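Please read the report below alongside the sequence and the model. It covers packing, a pocket and aromatic contacts.

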Amino acid sequence: MDIGTVIGIVLAMGLIIGAIMLGGSIGAFIDIPSILIVVGGVFACAFIMFPIKAVIGSIKVLMKTIFAKSPDPSEQIRKVVQLADIARRQGLVELEKAPVDDAFLKKGVMLVSGGTEERLVHSILDNEISYMRQRHLKNQGVFKKMGEMAPAFGMIGTLIGLVQMLQNLNDPSAIGPAMAVALLTTFYGSVLANVIFLPLAKKLEERSEEEILYLEILMEGVLSILNGDHPTIIKEKLEAFLAPMMRENQE
C-alpha cells in the first residue's frame with residue numbers, strides 16, 4: 001500500500017478542517033447544493049471528455065496504484081542474473097523451464113528460448129512498453145482534466161450564488177450569508193483540484209515512470225542474455241539503471 005498518498009491526503013484535509021474549526025464552525029463550510037455543482041459538474045465533464053470506460057478505468061487504476069506494492073527492480077535484477085547464468089551454463093533453450101513470475105520477463109524469456117532474433121525481441125518488448133505508456137497517459141489525463149475543471153465549476157457555482165444574492169438585495173441581513181454560500185463552491189473547487197485530482201494525477205505519473213523504468217531494466221536484461229553477456233556484466237549493466245543507494249542494497 002502506498003501509505004504516502006493516504007498520509008498526504010489525510011494530512012492536507014486535516015489541516016484545512018483544523019484551520020476551519022479554529023476560526024469557527026465546520027457547519028458553515030458545508031453546503032449540499034455547492035457540493036453537487038462542483039463534484040457533479042466535474043464528473044459530468046469527465047464523462048463528456050472521455051469514454052465512460054476510461055473514467056471508470058482510471059479510478060480502478062488509481063486504487064491499484066494506491067494499494068498495490070511498487071515493483072522491486074533489485075529483486076528482478078537478481079532474477080535476470082540467475083537466468084543469465086542458466087543460459088550460459090545450459091543454453092538458451094533451458095530458460096523455458098526456469099520459473100519466472102513476472103509476466104513481462106516471462107514473455108521475454110520465452111522469446112529468447114524460442115530462438116527469436118534480437119531485433120524482433122526488442123521490437124515486441126519495446127512495443128509493449130510504449131502501449132503501456134499510452135494507457136498510463138490516458139489515466140493521468142483524466143485526473144488532470146478533472147483538476148482543471150474543478151476550479152471552473154467552483155466559479156460557476158459562485159456566479160450562480162451571486163446572481164441569487166443580487167435578486168434579494170432588499171434584505172440586507174441576507175447578503176452576508178448568501179455571499180458566504182456563494183464562495184463555498186470556489187472553495188470546494190480549489191480543494192478538489194489541489195488536494196485530490198492534480199496530486200493524484202502526479203502520483204499516477206510517478207508510478208508510471210517507475211513501472212516503465214522497471215520494464216526497461218527487464219528488457220535490457222533479456223537482450224543481454226540473448227547476446228550471451230556474462231552474468232556479472234549483465235548485473236553491472238542493469239544496476240546502472242538504479243540509484244546508488246539501491247545498488248548498494250544489491251550487494
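## Basis

The model is predicted: local features need pLDDT of at least 70, side-chain atom pairs count only at pLDDT 80 or more, and totals for chains, interfaces and linings use all residues. Residues are numbered from 1 along each chain as its sequence is written, and side-chain values use heavy atoms, with hydrogens and water left out.

## Nonpolar cores

A nonpolar core is a set of buried Ala, Val, Leu, Ile, Met, Phe, Trp, Tyr and Cys residues joined through side-chain atoms within 4.5 Å. Buried means under 20% relative accessible area, exposed over 50%, and partly exposed in between, with a 1.4 Å probe and protein chains only. The largest core has 31 residues, of which L83, L105 and I225 touch the most other members. Helices α4 (73–90), α5 (103–113), α6 (118–166), α7 (175–226) and α8 (231–239) each supply at least two residues of this core. The largest share, ten residues, comes from α7. Helices here are DSSP runs (H or I, at least four residues), numbered from the N terminus.

Leaving aside residues up to four places away in sequence, I225 touches V80, L83, A84, A87, L92, L95 and I234; contact means heavy atoms within 4.5 Å. A second, separate core holds 24 residues, including I66, L184, L192 and A193.

## Largest pocket

A pocket is found on a 1 Å grid over the protein atoms alone, as an open set of points where a 1.4 Å probe fits, with protein on both sides within 12 Å along at least five of seven lines; lining residues have an atom within 4 Å of a point. The largest pocket has a volume of about 670 Å³, volume being the space filled by probe spheres set on the points, which are joined across faces, edges and corners. Of its 25 lining residues, K64, P71, M132, H136 and E211 are the closest to the centre.

Helices α3, α5, α6 and α7 each supply at least two residues of the lining, and α7 gives the most, with seven. The lining divides into nine nonpolar, six polar and ten charged residues. In this count Ala, Val, Leu, Ile, Met, Phe, Trp, Tyr, Cys and Pro are nonpolar, Asp, Glu, Lys and Arg are charged, and the others, Gly among them, are polar.

## Aromatic pairs

There are three aromatic pairs in the structure. Rings of Phe, Tyr and Trp (its six-membered ring) pair if their centres lie within 6.5 Å; planes under 30 degrees apart count as stacked, over 60 as edge-to-face and the rest as tilted. F29 and F187 form an edge-to-face pair, because their ring centres are 5.6 Å apart and their planes stand at 65°. This pair links distant parts of the chain, 158 residues apart: F29 is in the loop between α1 (3–23) and α2 (32–49), and F187 is in α7. F29 is partly exposed at 31%, as is F187 at 26%. Together with Y188 they form one aromatic cluster.

The rings of F43 and F197 are also edge-to-face, with centres 6.5 Å apart and planes at 75°. F43 lies in α2 and F197 in α7, so the pair ties together parts 154 residues apart in sequence. F43 is partly exposed at 28%, whereas F197 is buried at 6%.

Not counting residues up to four places away in sequence, F197 touches V42, F143, M146, G147, A150 and L192. F197 and Q167 are 30 residues apart in sequence and 34 Å apart in space, C-alpha to C-alpha.

S58 lies in helix α3 (residues 52–67) and counts as buried because its relative accessibility is 0%.
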